Amino acid sequence: MSASPAVPADQGLRRVIGDGSGVPDGDPGVGPEELLQLYRSLVLLRTYDERSVVYHRQGRIGTYAIFWGHEAIQAGAVHALEERDWIFPSYRESAIGLLRGIPAATVLSWWRGHPAGWWNPAEHRVASICIPIATHVPHAAGLAWGLRLRGEDTAAVVFFGDGATSEGAFHEGANFAAVMRAPLVLLCNNNQWAISTPVTAQTAAATLADKAIGYGMPAARVDGTDVLAVHGAVREAVERARAGDGPTFVEAVTYRAAPHATADDSSAYIDAERVEEARRAECLGRLDAYLRRAGVLTDAVAEETRAAALETMREGIAAAEAEQPGDASLLFAHAYADPPPALARDLDDLRRVTGR
Ligand SMILES: Cc1ncc(C[n+]2csc(CCOP(=O)(O)OP(=O)(O)O)c2C)c(N)n1
Ligand SMILES: [Mg+2]
């Protein structure tokens with residue numbers, strides 16, 4: 001397994017993990033126990049993702065948004081937060097709640113379209129998974145501002161993609177957060193693709209981080225396959241937020257090493273060699289090699305961590321599949337205070353067709 005970075009070294013990206021030869025390792029900024037916790041989180045997310053693709057192929061979950069290779073962005077950010085801080089995920093971070101104690105069965109149920117896939121955002125401080133691109137950026141900015149108004153020492157991080165930075169909602173949320181000095185981290189996963197649109201066709205800006213200048217907020221550009229670089233940048237952004245200095249834009253540069261989702265055939269538009277390069281330089285392998293160089297990880301710990309993650313997934317899918325089917329009325333239950341009569345007829349039709 002090569003430990004070379006996924007993105008060229010000449011882009012001025014923040015990095016901590018070296019390549020084991022010419023590029024030296026930097027200061028991780030955390031101790032051995034926290035390094036192992038980061039490793040466990042990466043393995044859990046990786047295992048979740050790989051098993052989910054299998055479950056999808058087996059017809060056990062629906063269409064699924066793969067995040068293989070993006071685990072470092074998610075784990076690096078969550079570990080830079082305190083439990084009281086809020087997380088706003090997009091569909092690309094669907095399983096991030098696992099790092100906050102949301103059961104795998106809950107997230108798998110979400111991908112099964114089952115009501116058991118709902119969680120109370122306030123319980124884990126993980127907002128609902130957002131599918132409409134960038135629409136959660138104003139939600140996160142508003143929540144972060146509200147927390148500040150209430151005098152709470154709490155920050156929020158919102159995850160979105162490169163494509164999201166072209167959306168009006170991103171602009172409104174970023175501008176609002178900066179003007180109100182909301183304690184928010186805007187974390188952009190620049191995986192260089194918005195489905196089949198490359199980032200070069202998405203923006204004329206030299207970097208996505210450059211966009212922060214227009215909002216009057218600082219930005220950091222990090223190697224998104226280096227969990228320690230992400231962790232360091234988000235930790236600093238959270239410190240700024242807590243100090244009352246407002247939001248920070250963090251651009252985590254990576255490369256989408258899997259199709260957009262299980263419903264996508266990326267071979268129609270993506271360069272297979274570039275994908276292979278990104279797969280060889282993926283984040284878990286880089287952390288694994290780093291921890292072994294640092295003498296923190298052994299084969300036994302690696303095997304035990306992977307086995308525990310697989311068990312979590314086995315239990316999770318079994319529990320999700322053991323749920324009774326949701327009642328058909330739930331489709332409409334929360335849509336109208338006064339449901340139009342046509343919906344009652346639709347519901348009757350649905351019950352007739354599904355037999356429940
Ligand atoms: C408002 C809105 N417009 C269009 C879509 C369809 N859509 C789903 S994913 C996607 C691409 C998003 O790309 P990016 O922001 O880079 O995130 P990534 O999928 O790479 O994580 C689009 C356009 C959507 N979900 N929401
Ligand atoms: Mg993208």
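Leaving aside its neighbours within four places in sequence, which residues is His-136 in contact with?

1. His-136 touches Phe-88, Pro-89, Ser-90, Cys-130, Val-158, Phe-159 and Phe-160, once neighbours within four places in sequence are set aside (contact means heavy atoms within 4.5 Å). His-136 lies in helix α5, residues 136-149; helices (H or I, at least four residues) and strands (E, at least two) are DSSP runs, numbered from the N terminus. With a relative accessible area of 4%, His-136 is buried (under 20% relative accessible area is buried, over 50% exposed and in between partly exposed, with a 1.4 Å probe and protein chains only).

2. A word on the basis: this is a predicted model, in which local features need pLDDT of at least 70 and side-chain atom pairs count only at pLDDT 80 or more, while totals for chains, interfaces and linings use all residues. Residues are numbered from 1 along each chain as its sequence is written, chains are lettered from A and ligands numbered from 1 in the order in which they are written, and side-chain values use heavy atoms, leaving out hydrogens and water.

3. Next, the metal site. Asp-162 (OD), Asn-191 (OD1) and Trp-193 (O) coordinate the magnesium ion (ligand 2) at 2.1 to 2.2 Å. Donors are N, O and S atoms within 2.8 Å of the metal (3.2 Å for Na, K and Ca), and water is not among the atoms, so sites may look incomplete. The donor spacing in sequence is D-x28-N-x1-W. Asn-191 is buried at 4% relative accessibility, and Trp-193 is buried at 12%.

4. On the aromatic side, there are twelve aromatic pairs. Rings of Phe, Tyr and Trp (its six-membered ring) pair if their centres lie within 6.5 Å; planes under 30 degrees apart count as stacked, over 60 as edge-to-face and the rest as tilted. Tyr-48 and Tyr-64 are tilted because their planes stand at 55 degrees, with centres 6.3 Å apart. Tyr-48 sits in helix α1 (residues 32-57) and Tyr-64 in the loop between α1 and α2 (71-79).

5. Finally, the cysteines: the structure holds zero disulfides (a disulfide is a pair of cysteine sulfur atoms within 2.5 Å). For Cys-188, the nearest cysteine sulfur is that of Cys-130, 15 Å away. Cys-188 is buried at 0% relative accessibility.
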